[in-house]
Amino acid sequence: MKNVTRINKAVFPVAGLGTRFLPATKAQPKEMLPVVDKPLIQYAVEEAYEAGIRHMIFITGRNKRAIEDHFDTAYELEHELEASHKDDLLELLHSLTPSDMFCSFVRQPRALGLGHAVLCAEPLVDSEPFAVLLADDLMCGKDGGQSVTGQMVEQFSRTPTCILAVQEVPREHVKRYGIVAGDRVDQRLTKVNRMVEKPNPDEAPSRMGVAGRYILTPSVFDMIRTNPRGAGGEIQLTDGIARLIDTEGVHAFEYDGRRYDCGSKQGFLEATVDLALKHQQVGPDFREYLRALKF
C-alpha cells in the first residue's frame, strides 16, 4: 500500500435500482433525485472534494447514464447561457466538475451487492487506500463544519487502517445495518473486534451501525474476492472488511454531523426540509411558509 496516509480516490457505488422510490426512479437514477436544487450524488461528490479527494470513481449500471452526463460538459446549455449573459448560472455549471477533479465510470455488470460494486473499482484504485461514499446517505458536518469524509480522512492520517463511519441506531433498526462492537480508543474511535451484517436485534453485539462512509485499504479487495456470499445471497462489503479485523485492524469512527437516510422516503423528506431551511435563496421564505401551515 503506497502513500498510506493520503486519500486520493473516492468510490461511489451508484448501480442500485432505487425500488423504494418507484415510480420516480423508473427512468432516472435514484442518485439524481434532487434535494432542494442538487442531486444526491452531487452532495456526495462535493463532500469528497472538500476532503481533498480529486479522483472520483463511479460504479454504475444500466440506466445510470444521467450521472455521467451530470458531471460532463453540456456544450449546448453552456452556449445558451453565454449568449444570454447568465454568468452566474454558467459559473454554477462549471463548479460541478472543477478543473482539478477527474471522474471515472465503471459498469457493474450484475447487481451482486455492495462488496461486488466496490470490487469493480479495484483496477482504478490500484494499491492505494480509498474512500467509499454511498450517495443514499446525505451527510452534513455539524453546524456547517467539516464534512464527515473530511473528518475520516484526518483520522486515517493518524490511524491508517480501515475506518468506518458509525452512529448509534435504535434497537429495532439494527437489522438494517452492519453492526460493530469493540474496545474504545478515545471519545470517537473504537477498535473493532466484531462485525455483523444486518443482525437480528437479539443477536446484535451493539447498536453501533455503519453509516455510508468508509476509508478502506486495498487489502479489502482480496478479502471481498475470496469471501463467500453473505446476507441476502450478496457479496457483502461488511464481510470483507470483517476479515481484516485480526490482520490490519479496523476502526469505527463516531462522526460529528447529521446523516439523512435518503434511501427512505422519510429521510429524503427530512433532508429536503432541513436543507431548504438552510438554503441561502429559499430558506427565509420557506421558513415563513412552514410557520404559516396549520397542522
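Reader: Which residue meets aspartate 69 in a salt bridge?

Author: This is a predicted model, in which local features need pLDDT of at least 70, side-chain atom pairs count only at pLDDT 80 or more, and totals for chains, interfaces and linings use all residues. Residues are numbered from 1 along each chain as its sequence is written, and side-chain values use heavy atoms, with hydrogens and water left out. A salt bridge here is a side-chain nitrogen of Lys or Arg within 4 Å of a carboxyl oxygen of Asp or Glu. At 3.3 Å from N to O, the partner of aspartate 69 is arginine 65.

Reader: How are aspartate 69 and arginine 65 placed in helix H2?

Author: Helices are DSSP runs of H or I with at least four residues, strands are runs of E with at least two, and both are numbered from the N terminus. An α-helix has 3.6 residues a turn, so residues three or four places apart point the same way. In H2 (residues 65-70), aspartate 69 and arginine 65 are 4 residues apart, so their separation is about one helical turn.

Reader: Is arginine 65 buried or exposed?

Author: Buried means under 20% relative accessible area, exposed over 50%, and partly exposed in between (1.4 Å probe, protein chains only). Aspartate 69 has 43% and is partly exposed. Arginine 65, with a relative accessibility of 57%, is exposed.

Reader: How many salt bridges are there in the whole structure, and which residue pairs with glutamate 47?

Author: The search of the whole structure gives 17 salt bridges. One of them has its closest N and O atoms 2.9 Å apart, and there the partner of glutamate 47 is arginine 213.

Reader: Where in the chain do glutamate 47 and arginine 213 lie?

Author: Both residues are buried. The pair links distant parts of the chain, 166 residues apart: glutamate 47 is in helix H1 (residues 40-50) and arginine 213 in strand S11 (residues 208-216).

Reader: How many residues of H1 are buried?

Author: The buried residues of H1 include Leu40, Tyr43 and Glu47. H1 is largely enclosed by the rest of the structure, because the buried residues number 8 of the 11.

Reader: What parts does the salt bridge of arginine 54 and aspartate 100 tie together?

Author: The side chains of these two residues meet at 3.0 Å, N to O. Arginine 54 is partly exposed at 27%, and aspartate 100 is partly exposed at 41%. The parts tied together are 46 residues apart in sequence: the loop between H1 and strand S4 (55-60), and the loop between helix H4 (87-95) and strand S5 (102-107).

Reader: Which peptide bond is cis?

Author: Most residues other than glycine have a negative phi, and most peptide bonds are trans. Proline 23 lies in the loop between S1 and S2. With omega of about 5 degrees, a cis bond joins leucine 22 and proline 23.

Reader: What is the phi of valine 36?

Author: Valine 36 sits in the loop between S2 and strand S3 (38-39), and is partly exposed at 31%. Its phi is positive in a residue other than glycine, near 65 degrees.

Reader: What is the phi of aspartate 143?

Author: Aspartate 143 is located in the loop between strand S7 (137-141) and helix H7 (148-158). At 75% relative accessibility aspartate 143 is exposed. The phi of aspartate 143 is positive, near 55 degrees.
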